[in-house]
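Hello,

Here is the structure you will be working from. My notes on what turned up in it follow below.

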Amino acid sequence: MKVMKFGGTSVGTPQRMKEVTTLVTKPGEPVFVVLSAMSGTTNSLVEISDYLYKKNADGANEVINRLEAKYMKHVDELYSTDETKAATRDFLKEEFFYLRSFTKEIFTSFEEKAIVAQGEMLSTNMVANYMREQGIDVVLLNALDFMRTDKNAEPDPVYIKEKLQAIMAENEGRQVYITQGFICRNAYGEVDNLQRGGSDYTASLIGAALDAEEIQIWTDIDGMHNNDPRIVDHTQPVHQLQFEEAAELAYFGAKILHPTCVQPAKYAGIPVRLLNTMNPDAEGTTISNQTEYGKIKAVAAKDNIIAIKIKSSRMLLATGFLRKVFEIFESYQTPIDMVCTSEVGVSMSIDNSAHLGEIVDELKKYGTVTVDTGMCIICVVGDLDWSNIGFETRVMDALKNIPVRMISYGGSNYNISFLIKEEDKRRALQSLSDHLFKA
């Protein structure tokens, strides 16, 4: 069985929903489909929640009415029989009545999560109704019946596998299984969401639970590119990535994938394919545990980086100095991206400035602190094991005219990172493409 996940743009219009139906019935074998909310819906639900937090019921109802009108319009465009149209309208009326019920209650983050979850409920019901109208043997499964997080807000894979396999046994032999991405219940049974990776995470968890043949992530671009196509000319899709390479690219700026969402697939040894709904015949990108040795794959960039340097000839070599420094960042829940050390200083980069002032004040207890803002991390990814002689020369040659603030290599066999000014980003990315990927 294959797991196929479709993002918001892939189900963003009635025509797109019809195209998704064609794609999921093409394999001629049972498939498990994970759907996101229709593009724009989650934003509207968040806006409704924002009005309700502010106790502005009129504002919330106005957005609800506008969203309901949009969905009711889709009914006539999507379905052909009066019976399906009537059934879908009844479902939509119930959904929007449910949303309006929140305008009369006390509103907290618990209610907000329940509201935001309705986007996936809407999309999956509409697509399932269309498939039934087309004579497809489809069953709609509620993700809240099997998708759960633990007390640490992390997915509970044992629970998910046990519940999902039992549900699948009850619905054995169906052609298409559909469920909602992103949403789940927490350890206390409340409606919640998977946060990082959203619907992609759902697909990966389901694939691992069912020991799927393959997990497909369908978006609106032809897989991961070897550079940022918004900035660099003539980028190309990368056809094969190792899981670690994909995670590095995702963390350092490749927005098509969240770095944690493919971990369940990685541990289960299930390949993940990134495909394009708008161009389904494109090869896309396959992510697996296989490595293409001695090859540089891609470049990514991460903006809004802050570099912090602490210089202390008296303290640096003292036992516990680095621990004290890192504990400061931990106490303010601020992750560190890059770290470089010397005999008299340590430099770090962060991408969260929320507690920058407090962090700097604390660091000044241990040395002289310098802060550089407006920085960018450039990440070069591939099989960069230290035994592969010469790759660093190629990368450095591409950046010979770019001022580099920090270099990080050795923490991973798949990544070498450079910290530069944001104003040099475009020039750096283009030069790396010219040196690394052009024949």
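**Salt bridges**

D76, K85 and R89 are linked in a network of salt bridges (a salt bridge being a side-chain nitrogen of Lys or Arg within 4 Å of a carboxyl oxygen of Asp or Glu). The model is a predicted one, in which local features need pLDDT of at least 70 and side-chain atom pairs count only at pLDDT 80 or more, while totals for chains, interfaces and linings use all residues. Residues are numbered from 1 along each chain as its sequence is written, and side-chain values use heavy atoms, with hydrogens and water left out.

By this rule there are 24 salt bridges. One of them joins the side chains of K5 and D200, at 2.9 Å from N to O. K5 lies in strand β1 (residues 2–6) and D200 in helix α8 (residues 198–210), so this pair ties together parts that are 195 residues apart in sequence. Helices (H or I, at least four residues) and strands (E, at least two) are DSSP runs, numbered from the N terminus. K5 is buried, at 7% relative accessible area, and D200 is buried at 9%; buried means under 20%, exposed over 50% and partly exposed in between, with a 1.4 Å probe and protein chains only.

D228 and R230 also form a salt bridge, their closest N and O atoms 2.9 Å apart. Here D228 is buried at 15%, whereas R230 is exposed at 66%. In the salt bridge between E292 and K297 the closest N and O atoms are 3.2 Å apart; E292 is partly exposed at 31% and K297 is buried at 4%.

**Strand β11 and its partners**

Twelve of the 16 residues of β11 (residues 296–311) are buried, so the strand is largely enclosed by the rest of the structure. β11 pairs in the antiparallel sense with β14 (residues 368–382) over twelve bridges, and with β13 (residues 345–350), again antiparallel, over six bridges. Two strands pair if DSSP finds at least two bridges between them. I310 stands opposite V369 in β14 and opposite V346 in β13.

S349 is found in β13 and is buried, with a relative accessible area of 0%. Leaving aside neighbours within four places in sequence, S349 has contacts (heavy atoms within 4.5 Å) that include I305, I306, A307, I377 and L419.

Regards
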